[in-house]
Amino acid sequence: MKRKTTLAVTALGAALALGLSACGGGTASTPSQSGAASAGGGAKGEFNAALTQVFNPSDKKGGILKFANAGDWDSLDPGDTYYGYSWNFIKLYGRSLVMFKPAPGKESSQLVPDLAENLGTPSDNAKTWTYKLRAGVKFEDGTPITSKDVKYGVLRSLDKEVFPDGYTYFNDTLDLPKDYKGPYKSKGVNTDKAIETPDDQTVVFHLKQSYSGFDYFAQLPATIPVPEAKDTGAKYKEHVISSGPYKFDKNDIGKGFNLVRNDQWDQATDPNRKALPDGYQVSTNVNADDIDNRLLSGDLHVDIAGTGAQPATLGRVLTDPALKANTDNPTITRLWYTSINGNVKPLDNLDCRKAVEYAADKVAYQTAYGGEFSGGQIATSLLPPGIPGHADINPYPAGADNHGDVAKAKEALTACGQPNGFETNIAYRAERPKEKATAEALQQSLAKVGIKLTLKPFPQADYFALYAGKPGYAKDNKLGLALNGWGADWPDGYGFLQQIVDSRVIRDTGGSSNISVRDPEVDKLIDQASLETDTAKREPIWAQIDQKVMDGAYVLPGLWAKSLLIRGKGVTNVYVSDATGMYDYVNMGLQ
Amino acid sequence: MVTYIIRRLIWGVFMLAIVSMITFMIFFLVPRLAGATSESLATRYVGRTATAEQVKIAAEKLGFNDPLVVQYGRFAKGIVAGADYDYGPGVERCPAPCFGYSFLTRLPVWPDLLDRLPVTISLALGAAVIWLIAGVATGVVSALRRGSFFDRAAMSIALAGVSLPIFFTGIVSLVVFSYGRPLAFAAPGGSFTPFFDNPAQWAYSLILPWITLAFLYAAGYARLTRSGMLETMNEDYIRTARAKGLTERVVVFKHGLRGALTPILTIFGLDLGLLMGGAVLTESTFSLPGIGKYAIDAITNQDLPKVMGVTLVAAFFVVVANLVVDLLYAVVDPRVRLT
């Protein structure tokens with residue numbers, strides 16, 4: 001018995017020793033090694049080096065890029081995904097009709113053709129959009145991609161029972177047959193009045209109403225072609241058939257997946273992608289702090305979520321010049337703001353709303369969200385700087401030091417007949433500590449002019465459906481202010497503004513993100529922009545809308561969000577895309 | 001003996017049914033009592049700009065409009081008889097035991113659980129071997145050298161082991177022994193390799209989680225063994241054994257340690273059973289895709305079929321561990337008779 005025990009212990013020890021020695025003696029190249037090489041090569045990094053230019057440019061091929069995600073994808077299926085990072089990453093295995101230009105900074109907001117030869121051609125007053133596909137593009141199995149595959153991809157994405165995660169842009173805008181529910185449930189229904197495919201290379205979209213920005217819809221992952229014969233519905237995400245430079249090798253949903261080169265992809269058909277690494281290794285559901293540590297050590301190349309470093313890492317990185325030099329701090333197209341509800345007295349008076357605008361301490365707002373680097377840049381209007389059409393306006397300056405202009409606020413209170421201030425409630429999402437801190441900061445700063453706020457937390461899941469976003473409830477419960485936030489699906493005035501300033505999206509049943517802007521003039525401007533197909537004429541209209549909403553003081557802008565991104569060691573072609581507010585994954589490589 | 005085992009197994013099935021009902025009530029009934037509607041529950045499982053119509057469709061698809069009894073009956077039937085699932089182009093059979101489909105990934109839960117079990121078993125068994133050997137050995141030596149420097153030092157370290165949470169020791173150990181530092185000998189987090197793919201890589205990927213988890217448990221075992229040994233070594237039969245002229249090694253290991261093992265066995269069985277249901281903090285800290293990580297992700301996302309599945313699997317291991325411990329009592333302690 002004793003000898004058996006001894007043998008067992010010895011065997012265990014030997015196994016461990018073998019394991020350790022095997023790992024210690026490995027010869028595989030690691031990211032940290034390549035990173036060290038780069039340091040010697042003279043590519044010197046500095047803070048924000050990848051904001052407006054390509055950091056570490058290279059055309060060198062080879063290597064495996066390692067990505068990690070603290071959470072999990074909603075879905076890898078192009079018809080069922082709604083995360084910004086997923087739309088960024090999907091370009092590696094799928095080609096939509098149009099895509100954002102793979103370039104740093106403002107240039108990245110331009111749309112360029114991808115699967116299509118050109119951007120869409122509008123006709124019938126922008127109610128019809130036609131795209132011609134490039135010749136010679138194939139699926140990973142060698143089958144040529146036709147317009148019917150694009151049409152099928154869009155149609156299947158309409159089935160919100162099978163694909164509940166995705167957006168409803170196509171459901172809402174295409175001129176579909178009545179009660180059409182997608183190709184699974186509405187089998188055999190003729191859908192040519194919505195999408196026509198007159199030949200294998202042409203796809204024509206017919207809309208219910210004119211929409212000048214349809215090219216932005218054409219860049220959505222739902223226009224990535226899906227071969228009907230290989231469609232497995234809700235299970236398609238387990239193996240998406242690739243039309244891009246990489247295809248799935250292994251996919252353990254919830255754990256991670258690998259991409260390898262797609263030998264059917266032809267560089268000649270694709271002017272946008274370099275396809276530099278030999279493959280991608282993606283881990284999901286990884287501890288967020290662990291991701292930061294691995295990025296800093298060089299064990300990992302990219303934090304795929306692209307939302308920035310964790311609080312535990314921020315202090316360490318920002319105080320160490322060497323570490324900070326390896327980071328970028330982009331302003332993203334997200335606004336943290338407070339809705340000022342004109343349905344609640346006395347905020348039905350413009351001057352009372354203006355008093356809130358002037359009295360708010362913007363620095364305290366910023367501090368509540370985590371400060372300059374991870375919270376954001378103090379916002380002076382709605383439209384973030386990354387959205388084309390943005391104009392620098394500041395109708396309600398918050399004093400020289402941004403701590404609020406008490407004198408102006410008191411003037412406004414007098415003008416609205418409430419010289420001693422008034423009482424109202426402020427709603428926020430109970431699960432969000434930053435919103436609670438912001439509500440407290442506003443409570444303190446508005447108290448300086450006599451506006452007394454009572455904090456009202458509500459559950460996040462029902463915030464818009466039952467509480468702050470339900471007009472009747474908000475009015476009855478005097479929710480004069482409500483914390484809010486909005487990020488654009490793409491850098492365009494329509495995508496950013498329409499859902500938060502168009503009064504026609506407000507429903508009595510609740511659920512709308514717009515809980516305070518009710519201005520017919522704003523609605524008219526949105527319609528005007530929707531019909532304007534000339535980009536140069538359309539973009540100034542977004543600035544007009546921004547000015548109009550601010551003039552009405554329906555919204556107290558807080559911050560244009562920022563994140564602190566860590567550049568992976570040894571990664572080439574690193575740049576921040578304004579279109580996504582994160583690193584563009586499409587042309588990254590390894591030294 | 002056989003009658004005893006059969007009776008315990010039936011009792012175990014009954015226990016699992018109770019656990020499933022309580023879990024179901026916590027996650028399905030309590031929100032209803034707090035005012036949640038079918039639609040408000042369904043909003044968690046649709047896209048972030050879903051329309052009211054989309055939410056309605058999701059509520060119907062997930063069965064939230066049915067009475068709770070019907071919803072529970074459907075879940076229980078799936079485990080016993082399997083269920084059908086409409087995945088779009090067709091309907092697929094989810095064979096028994098079917099724990100349903102994730103509300104978020106819309107993939108079956110049972111294969112997920114089976115996929116994650118090897119990670120949890122690898123972690124739990126490896127750590128158990130380390131903590132049992134280290135903990136019991138330390139406890140025995142401490143008891144035999146009561147009051148010595150070794151005893152005091154070992155018990156102080158044991159106290160630290162019990163007191164420090166895994167998310168602290170885990171992150172510190174990763175920072176010190178991984179991430180390419182001078183002392184690095186272990187794999188970074190999230191690098192699990194299955195045993196049958198590469199045993200050496202398997203051990204390499206788990207060595208740090210094993211040691212960290214074992215540090216927590218070994219501390220308790222060392223203290224428990226020490227107190228048990230101190231008590232046993234003062235028993236009359238130990239004096240008798242010495243009087244018979246047996247060597248000290250035989251007295252300590254054959255008579256003393258055996259007597260002190262019974263409570264350790266009880267605790268060990270329960271600890272191992274609980275860990276088989278997922279070492280939540282260890283798996284989260286080291287990003288190991290085991291049952292514990294699966295559980296915490298399911299709870300965070302309120303993915304109810306996953307929560308139900310993982311709770312039942314964890315309860316199953318606890319029930320089995322209890323049965324095995326009771327059976328082993330009879331082996332370790334001849335005075336125990338199972339009836």
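Which residue in β7(A) is the bridge partner of T130(A)? The partner is V204(A).

This is a predicted model, in which local features need pLDDT of at least 70, side-chain atom pairs count only at pLDDT 80 or more, and totals for chains, interfaces and linings use all residues. Residues are numbered from 1 along each chain as its sequence is written, while chains are lettered from A and ligands numbered from 1 in the order in which they are written.

Helices (H or I, at least four residues) and strands (E, at least two) are DSSP runs numbered from the N terminus. Two strands pair if DSSP finds at least two bridges between them. In chain A, β5 (residues 128–132) and β7 (residues 202–206) are joined by five bridges in the antiparallel sense.

Both belong to an open, antiparallel sheet of four strands, ordered β4-β5-β7-β6 in chain A. Because β4 (121–123) and β6 (195–199) of chain A stand at the edges with a single partner strand each, one side of each has no neighbour in the sheet. Neighbouring strands are turned by 25° against each other on average, direction ignored. Axes are lines fitted to C-alpha atoms, for helices over the stretch in contact, and angles run from 0 to 180 degrees between N-to-C directions. Helix α4 (residues 147–157) of chain A packs on the sheet, touching β6 and β7 of chain A, and its direction makes about 170° with that of β6(A).

Residues are in contact if their C-beta atoms, placed from the backbone, lie within 7 Å. The contact takes 47 residues from chain A and 45 residues from chain B. On the chain A side, α1(A) gives the largest share, nine residues.

| Class on the side of chain A that touches chain B | Residues |
|---|---|
| nonpolar (Ala, Val, Leu, Ile, Met, Phe, Trp, Tyr, Cys, Pro) | 19 residues |
| polar (the others, Gly among them) | 16 residues |

Conventions:
Contact = placed C-beta atoms within 7 Å.
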